[in-house]
Amino acid sequence: MDTIKTIQYKCPNCGGELKFNAEKQKFSCEYCLSDFTEEQIKDVCAKNEGVDLSQNVEEQKAAEEFAEHVNLYTCPSCGAEIISEDTTAATFCYYCHNPVILSGRLSGDYKPNMVIPFSVTKESAREYFKKWCKKRWFIPGSFKNEKQLEKMTGVYVPFWIADCHTDAVLHGKGERTHSWTSGDYRNTKHEVFSVIRRADIDFKGVPADGASKIDDSLMEAIEPFDYGKLKNFSMSYLSGFFADKYDVDKAQVFGRIKGRIVSGANDILRSSVGGYSSFTTELCNADILSTNWQYMMLPVWFMTYKYKGKSYSFAINGQSGKAAGIPPMSWPKLWATCGIVAAAGLIMGILGRLLL
Ligand SMILES: [Zn+2]
Ligand SMILES: [Zn+2]
């Protein structure tokens, strides 16, 4: 039997191999679940042809340097993998506070391209934390004492940042009602319009963290980061801080990125619809036709806390100082302050404000 040699297309979003899907008559990526027509892929290939490869030698050197100077520590208790620069020895795990063990070096593939250096110092991070606690009187005292503050750790969190070129579409129903009186009659004219909006939209810098141990909503709550302060990654930024090894790759975060893009596309297209008394969205989608990725380290002051068998996390944006977390609640404090009946309503209010 002869095998036919076919061209192997790579997914323009995640780099995975595309397979032809006969049912859809499109090329599909089974890693990030994107679909493309052959025309769309050829378009992307043509655009990438002229890409400059001269940086490669320098890149390779930097990757080797990274592999040589970075230590990997593993936490036997929770499985966290912590990166530290060779002169700083990691002693405890910032997730579960158990001792970590040196487990070797890290391959150069894990070297980030870019980094936003810390601009919030440990002292100011503590001040931000204290301020944040002050507004939350229901937090148990042991969450904010000095011993707990010691556990605040400066961590570079691995992030996948996507620039996406999309073909976005919105379908909906616009309605308009107009009434008038003529003679003895009252007339009502009700018009229904089928509304379609379609646009090429470019999204820049959509972030998703690559650390499975950190809650996604916690990282979203401390956004945004100012990419204007991005620097090329160099080992010296790690000094005095820790970093997480990514364990979620770009194909895995693609679904999250796509979700954020579809909701952004919906907002943009929806804002161009006007002149109706009501509008109902029937469908909104954004096909992501190509993606440029950057793998970067973003600065986060991070703290976890164990309270009555449950683990709580708190984070501060190491660039802007924006704080977020889900604090433990001291029930005795709650009941004592509000009384049982009033508390019910108050707790509802508090739950709504927990994150920010
Ligand atoms: Zn893909
Ligand atoms: Zn651990």
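Predicted model: local features only at pLDDT ≥ 70, side-chain atom pairs only at ≥ 80, totals over all residues.
Local features are reported only where pLDDT is at least 70, side-chain atom pairs count only at pLDDT 80 or more, and totals for chains, interfaces and linings use all residues. Residues are numbered from 1 along each chain as its sequence is written, while chains are lettered from A and ligands numbered from 1 in the order in which they are written.

Helices (H or I, at least four residues) and strands (E, at least two) are DSSP runs numbered from the N terminus. The 21 residues of helix α6 (residues 250-270) should span 30 Å at 1.5 Å a residue, and the end C-alpha atoms lie 29 Å apart, which agrees; the expected span is 1.5 Å times one less than the number of residues.

Residues K250, V253, F254, I257, K258, I261, A265 and L269 of α6 are buried, that is, 20 or more other C-beta atoms, placed from the backbone, lie within 10 Å of their own. Their cover includes β8 (153-182), β9 (185-209) and β12 (278-307). In helix α2 (residues 56-69), by contrast, one of the 14 residues is buried, so this helix lies largely in the open.

An open sheet of three strands has the order β1-β2-β3 with antiparallel pairing, where pairing requires at least two DSSP bridges between two strands. Its edge strands, β1 (18-21) and β3 (35-36), each pair on one side only. Strand β2 (residues 26-29) is joined to β3 by two bridges, and F27 stands opposite F36 in β3.

Technical notes:
Buried ≥ 20, exposed ≤ 12 C-beta atoms within 10 Å, placed from the backbone. Contact = placed C-beta atoms within 7 Å.
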